[in-house]
Amino acid sequence: MILLSVHSLVKHFGPDPVLAGVTFDIRPGERVSLVGPNGAGKTTLMRIITGAEEADSGQVSLHASATLGYLEQQP
């Protein structure tokens, strides 16, 4: 069973892509960490997964038994 599936996400801000073809699955029992330098698209990816922002293309699927929790970053 796949709890969260992200397939071919693309997001542009201006002419440059912030996310280009991001694809991954999360299954029960897996632990995941999202790390990267400032401006790499971590917050954008999380906002797309939670539905707070739309991707330019691609798909996010959440299993019916899964729930998302997201603590927004503070400036």
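Student: Which residue forms a salt bridge with R47, and how far apart are the closest N and O atoms?

Tutor: A quick note first: this is a predicted model, where local features need pLDDT of at least 70, side-chain atom pairs count only at pLDDT 80 or more, and totals for chains, interfaces and linings use all residues. Residues are numbered from 1 along each chain as its sequence is written, and side-chain values use heavy atoms, without hydrogens and water. A salt bridge here is a side-chain nitrogen of Lys or Arg within 4 Å of a carboxyl oxygen of Asp or Glu. R47 meets that test with E53, at 3.1 Å.

Student: How many residues apart are E53 and K11?

Tutor: K11 belongs to strand 1 (residues 4–13), while E53 sits in the loop between helix 1 and strand 3 (57–62); helices (H or I, at least four residues) and strands (E, at least two) are DSSP runs, numbered from the N terminus. The pair thus links distant parts of the chain, and its separation is 42 residues.

Student: Is K11 buried or exposed?

Tutor: Buried means under 20% relative accessible area, exposed over 50%, and partly exposed in between (1.4 Å probe, protein chains only). Because its relative accessibility is 10%, K11 counts as buried.

Student: What about E53: buried or exposed?

Tutor: R47, one of its partners, is partly exposed at 24% relative accessible area. E53 has a relative accessible area of 19%, so E53 is buried.

Student: Which residues do the salt bridges join into one network?

Tutor: The structure holds two salt bridges. E53 takes part in the bridge to R47 and in the one to K11. Through shared partners, the network joins K11, R47 and E53.
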